[in-house]
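Here is a short report on one protein model. Look at the fold first, then read on.

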Amino acid sequence: MVSNKKPIGIILQEAKLITSGQLEVALYEQKQFEMLLGEILSHHGWISQETADFFVDLWPAMVGQPVQGPIGYYLKMAHLLDEDQIERILREQQRLGVRFGSVAVLKGWLKEETINFFVKNIAGTTKEDDPPAALVLPVPQLQIPPASQLKIPRRRSPELMEAQAKETYHQERLPTGQGENMPPIIPVPSRKTTDSPRQAAETLILFDDHHPSQGKEDADSD
């Protein structure tokens, strides 16, 4: 538990509201300009002036005392959360069934260490090994159906795929009754793009032998 007699800078650092480097800079400037530490931190934008005033004026009387409200009540008093953020957290908390502090951390509005700091000191937690209640996330129970109820798609064979493709083609392209006596679709083998000179010559000879003009020339020669 944090002592209420600690300096404000140490308390803010333990709450992870400022870093050690920021505290060192603020202490150095405090000696140079004779300003309050909270004013220097607020001037740099590291914390708000309201947050500094809370830890100076109200925090020492709250440490170790009975809880006066939910954690959001204290975070609002410290000006770490506003009313709109608290309302949004409460809606998410009701929808997801998680802790208030967990939603605030997931939203990125507060650090986990800051939530732990408030829970440990405000709630008077004495056991260091116990996890903070604000950060305990319930494990959802998923309903998984048995394997017998799962629909696993069967792999179709190439023959079945071809038959279904033909049936679909006839149903979509042909009127009723006209696709029953259609000849089967015979795939045309692919032809080579180029032939050798010998194959080209043989093709030309075969073409001349079967060309209709060949028979006419033979008849004229007779």
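## Two loop residues with positive phi

Start with His79, placed in the loop between α5 and α6. Helices here are DSSP runs of H or I with at least four residues, strands are E runs of at least two, and both are numbered from the N terminus. The phi of His79 is near 60°, a positive value in a residue other than glycine. His79 counts as partly exposed, because its relative accessibility is 47%. The classes are buried (under 20% relative accessible area), exposed (over 50%) and partly exposed (in between), with a 1.4 Å probe and protein chains only.

Lys16 sits in the loop between α1 and α2 (20–33). Its phi is also positive, near 60°, and Lys16 is not a glycine. With a relative accessible area of 41%, Lys16 is partly exposed.

## Model and confidence

This is a predicted model: local features need pLDDT of at least 70, side-chain atom pairs count only at pLDDT 80 or more, and totals for chains, interfaces and linings use all residues. Residues are numbered from 1 along each chain as its sequence is written, and side-chain values use heavy atoms, with hydrogens and water left out.

The pLDDT is the predictor's confidence in each residue, from 0 to 100. The protein chain averages 75, and 57% of the residues score at least 70. Contact means heavy atoms within 4.5 Å.

## Overall make-up

The protein chain holds 11 helices and 0 strands. Of its 222 residues, 24% are buried. Its accessible surface comes to about 17,100 Å², and carbon and sulfur atoms hold 54% of that. The areas come from the Shrake-Rupley method with a 1.4 Å probe; for residues, only the protein chains shown count as cover.

Take the contacts between residues at least 6 apart in sequence: 53% of them join residues at least 24 apart.

## Helix α8 and its cover

Helix α8 is mostly covered, with 8 of its 11 residues buried. These are Thr114, Ile115, Asn116, Phe117, Phe118, Val119, Asn121 and Ile122. The cover includes α1 (8–14), α4, α5 (71–77) and α7 (100–107).

## The α4–α8 packing

How do the axes of α4 and α8 cross? The axes of helix α4 (residues 49–62) and helix α8 (residues 112–122) come within 10 Å and cross at roughly 40°. The two helices are therefore oblique to each other. Angles under 35 degrees count as roughly parallel, over 145 as roughly antiparallel, 65 to 115 as roughly perpendicular and the rest as oblique. Axes are lines fitted to C-alpha atoms, for helices over the stretch in contact, and angles run from 0 to 180 degrees between N-to-C directions.

From α4, the contact draws on Phe54, Phe55, Trp59 and Met62; from α8, on Phe117, Phe118, Asn121 and Ile122. These residues divide into 7 nonpolar, 1 polar and no charged. Nonpolar covers Ala, Val, Leu, Ile, Met, Phe, Trp, Tyr, Cys and Pro; charged covers Asp, Glu, Lys and Arg; the others, Gly among them, are polar.

## A buried glutamine

Gln85 belongs to helix α6 (residues 83–96). Gln85 counts as buried because its relative accessibility is 17%. Leaving aside neighbours within four places in sequence, Gln85 is in contact with Leu80 and Trp109.
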